[in-house]
Amino acid sequence: TVSGGTNNTTAESTQTMIQVTLAYSAFQTASTVSTVTARTLPANRSLFALIVKHSQVFTGSSITALTLDVGISGDPTKFINGFNVAQAVSASAQDSSLVLYFPATATAIQARLTSTGANLTALNQGSLDMYFQETIVT
C-alpha cells in the first residue's frame, strides 16, 4: 500500500518467466554482425533478469568465433556482453544478468550475433534459449 494525504493505493505485482528460442537461421545475413529483436518488453513492465543459454552449438563453414550481445537500440551490450555461442553446450555454458530495467514505452530487446572468419550466411546450426524474468504491476 502506498499512502499519502487522503489517497491510498494498493499495487500488486506478478512475476513471469518468458522463454524465447532463436535458431541460427534468424541471424543468417551477408555480414559478420546480425541484430534481431528477441522480445519487445511492453511499456511499464520491469525486466529483472535475463538468462541466455544455447542448446545447440552455433557453427558455420570458416566461422572461427561467434559472440552474442543482448541489449537495446543504442546500447547493444546493456544486458549481456560477448557470450560465446560457439562453445560446447554444458550446464555451465550460460550467461545471465540481474537488472532493473523499466522503460516507459515498449522497448525491443535485441540479440546481436558477431562472427569472425566468415559472414553469418555460413551458419549451419545453432539454437539459443533466452529467459526474461519480468514483473507486471497491477
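Read along the sequence, the chain follows the pattern β-β-β-β-β-β-β-β-β-β. It contains 0 helices and 10 strands, where helices (H or I, at least four residues) and strands (E, at least two) are DSSP runs numbered from the N terminus. The model is a predicted one, in which local features need pLDDT of at least 70 and side-chain atom pairs count only at pLDDT 80 or more, while totals for chains, interfaces and linings use all residues. Residues are numbered from 1 along each chain as its sequence is written, and side-chain values use heavy atoms, with hydrogens and water left out.

**The whole chain**

Begin with the whole chain displayed. Of its 138 residues, 37% count as buried; buried means under 20% relative accessible area, exposed means over 50%, and partly exposed lies in between (1.4 Å probe, protein chains only). The chain exposes about 7,000 Å², of which carbon and sulfur atoms supply 48%; such areas come from the Shrake-Rupley method with a 1.4 Å probe, and for residues only the protein chains shown count as cover. Among the contacts (heavy atoms within 4.5 Å) with a separation of 6 or more, 81% are between residues 24 or more positions apart.

Select Glu134, Arg39 and Arg45, which are linked in a network of salt bridges. A salt bridge is a side-chain nitrogen of Lys or Arg within 4 Å of a carboxyl oxygen of Asp or Glu. Side chains of opposite charge can pair when their charged atoms come close. The structure holds 3 salt bridges.

Display the pair Arg39 and Glu134, whose closest N and O atoms are 2.6 Å apart. Arg39 lies in strand S4 (residues 33–41) and Glu134 in strand S10 (residues 123–137), so this pair ties together parts that are 95 residues apart in sequence. Both Arg39 and Glu134 are buried.

Next, display Arg45 with Glu134; here the closest N and O atoms are 3.0 Å apart. Because Arg45 belongs to strand S5 (residues 45–60) and Glu134 to strand S10, the pair ties together parts 89 residues apart in sequence. Arg45 has a relative accessible area of 17%, and Glu134 has one of 0%.

**Second stop: Ser46**

Select Ser46, also in strand S5. Is Ser46 buried or exposed? Ser46 is buried, with a relative accessible area of 7%. Leaving aside neighbours within four places in sequence, Ser46 is in contact with Tyr101, Phe102, Gln133, Glu134 and Thr135.

Which residue forms a salt bridge with Arg112? The partner is Asp69, and the closest N and O atoms are 2.7 Å apart. Arg112 lies in strand S9 (residues 107–116) and Asp69 in strand S6 (residues 65–72), so the pair ties together parts that are 43 residues apart in sequence. Arg112 counts as partly exposed at 22% relative accessibility, whereas Asp69 counts as buried at 5%.

Select Gln110, found in strand S9. Its side chain reaches the backbone nitrogen of Ser73 at 3.4 Å. Leaving aside neighbours within four places in sequence, the contacts of Gln110 include Thr35, Val36, Asp69 and Ser73.

**Last stop: Gly126**

Finally, select Gly126 in strand S10. Gly126 is buried, with a relative accessible area of 2%. The C-alpha atoms of Gly126 and Thr59 are separated by 6.6 Å, although the two residues are 67 residues apart along the chain. Not counting residues up to four places away in sequence, Gly126 touches Leu22, Ala23, Tyr24, Gln56, Val57 and Phe58.

Terms used: Polar contact = N/O pair within 3.5 Å; in protein donor to acceptor, adjacent residues only side chain to side chain.
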